[in-house]
Amino acid sequence: SGNGNDATRYGSPTLTPGALNGLPVMRYSGANGEYHSFMNMTNIRTVFWVTKRAANNYSFILGDNNQYHFHTNTNRFFHTNHVSLNVVNGVLAVNGTATNGQTTNVPSVMSVISLRTTGDVEASSFSSDRNIGGRYWNGDLAELMIYSTALSDAEIAVVEGCLAWKYALQGDLDPSHPHKAVHPGALMPAIGITSPSSVEVA
């Protein structure tokens, strides 16, 4: 990642070259014990994923060894009860379209997902829920970026745009997204978000 935030592999997730716009993705089978762990983060405020998850896979979009702030509910992003209010009261978007994570399914096709929480939340893996069997990610992950600050709407849109163009997903962005038609890369330094606390999985 360039920030010393490299993740540690457990089990056999597979780096698949050229899987998305000529770029590699990390492929997870959903097998017990297959995930990446990273430094425990207790002050997460904004997260971006480029990912997909198989249907009926009971795994969290971020996991932890002792907390369940991102608790899923089968196909839905988040549980109706067992989840942090800072997560469900935040702003979740799929390809730039704001959505309710308690009523919306995690995409089964590669998508740009963003979340700004209303307060600090905790995670330390992608993705294992407290090492409970049957709760490991089944799908692909191309990118994971975690910020300890709550980015503004404009900043989130820039990162969404950059990720969408990087992985040739810009056509899937919401029609009203400000960066659907033009790559926003030149705006990154202007808004001061060139160094996220990204997590490198390998």
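1. Lining of the second largest pocket. In this predicted model, three elements each supply at least two residues of the lining of the second largest pocket: strand S5 (91-94), strand S7 (111-126) and helix H2 (153-166). The largest share comes from H2, with four residues. The volume of this pocket is about 170 Å³.

2. Residues and classes in that lining. The lining residues are Val91, Ala93, Gly96, Ala98, Ser114, Leu115, Arg116, Asp153, Ile156, Ala157, Glu160 and His177. Sorted by class, six are nonpolar, three polar and three charged.

3. Helix H2. The helix has 14 residues. From first C-alpha to last, H2 reaches 20 Å, close to the 20 Å expected at 1.5 Å a residue. H2 is mostly covered, with ten of its 14 residues buried. The buried residues are Glu155, Ile156, Ala157, Val158, Val159, Glu160, Gly161, Cys162, Leu163 and Ala164. Two glutamates are on that list, Glu155 and Glu160. Glu160 also lines the second largest pocket, as do Ile156 and Ala157. What covers the buried residues of H2? The cover includes S4, S5, S7 and S8. Just after the helix, Ala168 takes a positive phi of about 60 degrees.

4. Strand S4 and its burial. S4 spans residues 35-53. Of its 19 residues, 14 are buried, so S4 is largely enclosed by the rest of the structure. S4 is also part of what covers the buried residues of H2.

5. Partners of S4. Strand S1 (residues 8-10) pairs with S4 in the antiparallel sense over three bridges. Arg9 has His36 in S4 as its bridge partner. S7 is joined to S4 by ten bridges, again antiparallel. Thr51 stands opposite Ser111 of S7. S8 pairs with S4 over eight bridges, also antiparallel.

6. Strand S8. Is S8 (residues 138-147) mostly covered or mostly open? Mostly covered: nine of its ten residues are buried. Besides its eight bridges to S4, S8 is joined to strand S3 (residues 23-29) by four bridges, and these two strands run antiparallel. Gly139 of S8 is the bridge partner of Tyr28. S8 is also among the elements that cover the buried residues of H2.

7. His71. This residue lies in the loop between S4 and helix H1 (85-88). His71 has 5% relative accessibility and therefore counts as buried. Leaving aside residues up to four places away in sequence, His71 touches Tyr58, Phe60, Phe77, Phe78, His79, His82, Val83, Arg130 and Arg135. That list includes the aromatic residues Tyr58, Phe60, Phe77 and Phe78. Two arginines, Arg130 and Arg135, are also on it.

8. Thr74. The loop between S4 and H1 also holds Thr74. Its phi is near 55 degrees, a positive value in a residue other than glycine. Thr74 has a relative accessible area of 34% and so is partly exposed.

9. Asn95. The loop between S5 and S6 contains Asn95. Asn95 is not a glycine, yet has a positive phi of about 55 degrees. Is Asn95 buried or exposed? Buried, because its relative accessible area is 10%, under the 20% cut-off.

10. Thr99. Strand S6 (residues 97-99) includes Thr99. At 22% relative accessibility, Thr99 counts as partly exposed. The cut-off for buried is under 20%. Apart from residues up to four places away in sequence, Thr99 touches Leu92, Ala93, Val94 and Thr104. One of these contacts, Ala93, also lines the second largest pocket.

11. Cis peptide bond. Which residues does the cis peptide bond join? The bond lies between Phe126 and Ser127, with omega about -20 degrees. Ser127 is found in the loop between S7 and S8. A reader checking the backbone can take this bond together with the positive phi values of Thr74, Asn95 and Ala168.

Conventions
Residues numbered from 1 in each chain as written. Predicted model: local features only at pLDDT ≥ 70, side-chain atom pairs only at ≥ 80, totals over all residues. Heavy atoms only, no water. Buried < 20%, exposed > 50% of the residue type's maximum accessible area, 1.4 Å probe, protein only. Contact = heavy atoms within 4.5 Å. Pairing = 2+ DSSP bridges. 1 Å grid on protein atoms, 1.4 Å probe; cavity = no way out; pocket = protein on both sides within 12 Å on 5 of 7 lines; lining within 4 Å. Points joined across faces, edges and corners; volume = space filled by probe spheres on them. Nonpolar A, V, L, I, M, F, W, Y, C, P; charged D, E, K, R; others polar. Expected span 1.5 Å × (residues − 1).
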